[in-house]
Amino acid sequence: MKEIFIRTDIQRKWIQKIENLRNDLIADSKKIDEQSLFPFSNFEKLRAIGYPQITLPKEYGGEGLSVYDMILLQETLASYDANTSLAIGWTLGVVGELYEHHLWSPELLEKFSKEVQKNVFINRAVSEEQTGSPTRGGRPGTIAVNTSNGWILNGRKIFTTASPILDYFLVSAWIEEKQQIGFFLIESETPGLSIEETWNVISMRGTGSHDLLLKDVYVESKALVEYPQSSFGGNHINGWILHIPATYLGIAQAARDYAVHFAKHHQPNSLNAPISTLPNVQQQLGKIELKLDQARFSLYGVAEAYDDSARRKHLTNELAVAKHIVTNAAIEIVDLAMRIVGAKSLQNSNPLQRYYRDVRAGLHNPPMDDMTITKLAKTALEQDKESLFI
């Protein structure tokens with residue numbers, strides 16, 4: 001079905017590049033999950049083909065791919081290894097947002113583009129134990145103190161995805177004298193910066209979302225690169241967050257593919273044909289296809305609207321809606337796939353049990369379901385026009 005959504009030669013070229021890595025990406029997925037390993041090898045393979053710079057605009061020396069392009073590639077990547085997709089997606093999203101919305105000074109954007117062309121990895125470090133998700137507006141406990149020639153930062157960040165391989169951290173910190181949040185661009189080798197390997201979860205075990213520790217970290221004054229109006233870097237709609245649901249859609253596709261293959265080849269001795277001929281199994285497979293269609297058209301439709309500057313201004317909650325629809329559909333799709341496969345799906349050697357655990361993580365990636373539903377209700381109330389009924 002994905003062929004429906006491939007529209008350009010550039011998209012096909014990059015999909016082919018990822019498909020060329022398919023066997024390598026899949027090979028270590030089981031080991032990555034079982035041992036909670038970070039997929040260093042996968043990241044280096046993607047670095048080798050220039051993947052980290054695909055969302056850097058062409059005028060800055062990158063590939064200049066759009067949000068739509070990105071989710072098409074991220075979905076494909078996630079169907080091979082979800083940990084790799086989610087982890088590298090943050091680099092793609094950060095770079096895309098920075099340059100699309102010009103969140104830094106022109107001089108800094110130009111300078112950093114040279115680093116992106118080297119295929120560096122970057123992510124924002126924003127979540128903290130006491131504040132929870134930054135989307136809920138908590139003030140960071142990480143503090144930046146101004147000195148005569150720079151800044152001193154102290155604090156701890158949680159859920160710092162891809163931390164073992166990041167070249168740059170974009171760290172949010174509270175600046176007391178300014179009574180606001182600032183973002184500091186900090187290189188990974190900076191003294192006082194360290195990673196504490198705390199990531200011990202049942203879902204997305206290989207994303208390396210460890211704690212980032214900052215102990216008397218000194219940075220020059222110019223490291224303060226951004227004064228956001230919101231927790232995620234500015235008061236704007238950020239379509240690049242769609243890399244998140246794209247990953248969970250990829251997991252759902254992988255579960256679907258496994259279930260279809262199993263149904264076509266599994267034939268108990270009580271049957272004269274594979275279980276794919278059974279009406280109840282066909283009903284389950286049909287439900288999977290229906291939910292995949294619904295999720296995919298929702299996600300790609302929103303991405304297409306976002307990439308169209310004339311239509312983007314009309315977007316309100318659609319990005320959050322797409323994430324909600326895709327994530328919850330992915331959970332249902334994996335469940336249906338497991339019902340088809342039966343008890344075998346619970347075996348540790350079966351990838352479905354991994355997909356089952358991994359899709360659950362989507363519920364806890366921003367934006368959360370409750371916030372999406374509440375915003376939809378508030379928007380509907382704000383848009384009500386009583387004059388229509390007079």
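**Strand pairing and helix packing in the predicted model**

Strands β2 and β3 form a hairpin, with two residues between them. The structure described here is a predicted model. One of the paired positions is isoleucine 143, whose bridge partner in β3 is asparagine 154.

Strand β3 is also joined to strand β7 (residues 210–220), by eight bridges, and this pair likewise runs antiparallel. In this pairing, isoleucine 152 stands opposite tyrosine 218 of β7. Strand β7 is in turn joined to strand β6 (residues 193–196) through four bridges, again in an antiparallel arrangement. Here serine 194 has leucine 213 of β7 as its bridge partner. In a regular strand, side chains alternate between the two faces of the sheet.

Helix packing was examined next. Two packed helices are described by the angle between their axes and the distance between the axes. For helix α4 (residues 40–48) and helix α6 (residues 82–100), the axes come within 10 Å and cross at roughly 55°. On the α4 side, Asn42, Phe43 and Leu46 take part, and they meet Thr84, Ala87 and Ile88 of α6. By class, this contact of α4 with α6 has four nonpolar and two polar residues, and no charged ones.

Helix α8 (residues 243–265) and helix α9 (residues 279–307) have axes that come within 11 Å and cross at roughly 160°. Because angles over 145 degrees count as roughly antiparallel, α8 and α9 are described as roughly antiparallel to each other. The crossing of α8 and α9 is left-handed. Residues of α8 that make the contact include Pro245, Leu249, Arg256 and Val260, while those of α9 include Val281, Ile288, Glu289, Arg296 and Tyr300. The contact of α8 with α9 comprises, by class, 14 nonpolar residues, one polar residue and three charged residues.

Helix α11 (residues 318–341) has 24 residues, and at 1.5 Å a residue it should span 34 Å; the C-alpha atoms at its ends are 34 Å apart, which agrees with that expectation. Just after α11, glycine 342 takes a positive phi of about 80°.

Key. Residues numbered from 1 in each chain as written. Predicted model: local features only at pLDDT ≥ 70, side-chain atom pairs only at ≥ 80, totals over all residues. Heavy atoms only, no water. Axes fitted to C-alpha atoms, helices over the stretch in contact; angles between N-to-C directions. Contact = heavy atoms within 4.5 Å. Nonpolar A, V, L, I, M, F, W, Y, C, P; charged D, E, K, R; others polar. Pairing = 2+ DSSP bridges. Parallel < 35°, antiparallel > 145°, perpendicular 65-115°, else oblique. Left-handed = near helix turned anticlockwise from the far one by under 90°. Expected span 1.5 Å × (residues − 1).
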